[in-house]
Amino acid sequence: MSEVAVMKSKKFKFNKRQLDSLPPTPSTSRSKETEYTDELCSGLKLIVNRQGRKRFLFRYTLHGTKKSVQLGEYPAIDINTARQIANDHKREIALGNDPKAMRDEKRNVLTFKEFAEQHYLPYAMMNKLTAKSDEGNLRLHFFPKWGKKPLTDIGQQDIQKLLDGLLEGRKPATVNRLRSLILRMFRLAMEWGFVDKHPGQYIRKLKENNVRQFFLNRQEVANFIKACNEEPNRTQANALKFALLTGMRIGEITSSKWECLTVDDDGNWSLFLPHTKSGLSRTVLLNDLAKEVMKDQRRFQKLKNPYIFAGDAEGRPIAHPKKAFARIRKAAGIKDTFRIHDLRHSFASILINSGNATLYDVQHLLGHQSPQTSTRYAHLASSRLREVSANVVELVGGSSN
């Protein structure tokens, strides 16, 4: 069946290619969601909202009453798994049991804290570099309010009220990070079948007015590299120099292992990152200067320590190099407000000011999942474009004489 036919019928045998190609519900549609039916498994539905997110739903009738139960988001749950869950529900219905009531009964004993400790944090520890930070934020901000509250009892108003309270005395950027944490938790809770819907999907991100962006100029870059080369702690200095030359986050650098460093047949070096801040993997392409840092760091490789930037503790990487950075920053004559993360911003600035990189290039080299994240550097590109545009004056002026 063609994709066009699928759109018209909304009933077809589910397969991955067709589900992947289903478009978001049009903004002009009277309904906020579009429902598709699987011909192979009766009662199995796929719901697509206006943002393009897709989830499986099982519709059934029990004692003359129509009901439905969420199965989870696609593609986190694949088609075969969704069909298997739907068939399991059919067996319960045949025995006179209500699948939704059975699941709700099981869920009601799960509090927010239990879900966080038993399900979310183990997942975060395996998939997020910021897992420790998430744990601290949960204990500080969320457990005191919701620790004993059933997960299914937390609604949009509860989330908005808590975030509004956090805004008192905290900057919008900080509250936005906490918003991202709680919204991600509920998205996973829905995918894993602990809640039927996402209670925070309509909570908007705050406008940030405290975004700091510091960039090193050409002379400061030279001073920073020189100070790194003169820093006594060579491993920490190499990690900081590597941050400037690759745009990697310092957490990604300290957790990198030698086994993830590869050299292809053409002599191109790359570093594979199994886990990034977003929870996804990516590959960092190393330029010649970054390769030199890797070659130098080989001198400090430790036996039985898999990490490129090995720490003093056996089998562990270096900790956050705050002290070495403070010494290097001071030696380079760079202002105290410059942070380690600003090395990442400086890398983007160097790229754009080279005249050879676009915001698209910056997005992929920095590993941004969304192009919107890279737009913070748009003013740098605009500055360079003004310089390029100024050349037109010379050309036009010369030709008009």
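Two strands are said to pair if DSSP finds at least two bridges between them, and helices (H or I, at least four residues) and strands (E, at least two) are DSSP runs numbered from the N terminus. The model is a predicted one, in which local features need pLDDT of at least 70 and side-chain atom pairs count only at pLDDT 80 or more, whereas totals for chains, interfaces and linings use all residues. Residues are numbered from 1 along each chain as its sequence is written, and side-chain values use heavy atoms, with hydrogens and water left out.

Strands of a sheet pair through backbone hydrogen bonds, either parallel or antiparallel. Here 5 strands make up an open sheet with mixed pairing, in the order S1-S2-S3-S4-S5. Strand S1 (11-12) and strand S5 (65-74) each have a single partner strand and stand at the edges, so one side of each is left without a neighbour in the sheet. Helix H3 (residues 79-94) packs on this sheet and touches strand S2 (33-38), strand S3 (44-49), S4 and S5, where contact means heavy atoms within 4.5 Å. The direction of H3 makes about 15° with that of S4, the axes being lines fitted to C-alpha atoms, for helices over the stretch in contact, with angles from 0 to 180 degrees between N-to-C directions.

Strand S4 (residues 54-62) runs antiparallel to S5 and is joined to S5 by 9 bridges, and S3 and S4 also pair in the antiparallel sense, over 5 bridges. Leu44 stands opposite Phe58 in S4, Phe56 stands opposite Gly72 in S5, and Thr61 has Lys66 in S5 as its bridge partner. Both hairpins contain a residue with a positive phi, as the table shows.

| Hairpin | Residues between the strands | Residue and positive phi |
|---|---|---|
| S3 and S4 | 4 residues | Gly52, near 90° |
| S4 and S5 | 2 residues | His63, about 55° |

Because 7 of the 9 residues of S4 are buried, this strand is largely enclosed by the rest of the structure; buried means under 20% relative accessible area, with a 1.4 Å probe and protein chains only.

The lining of the largest cavity includes Ala243, Met248 and His341, a cavity being a set of points on a 1 Å grid over the protein atoms alone where a 1.4 Å probe fits but cannot get out, with lining residues having an atom within 4 Å of a point.

How values were computed: 1 Å grid on protein atoms, 1.4 Å probe; cavity = no way out; pocket = protein on both sides within 12 Å on 5 of 7 lines; lining within 4 Å. Buried < 20%, exposed > 50% of the residue type's maximum accessible area, 1.4 Å probe, protein only.
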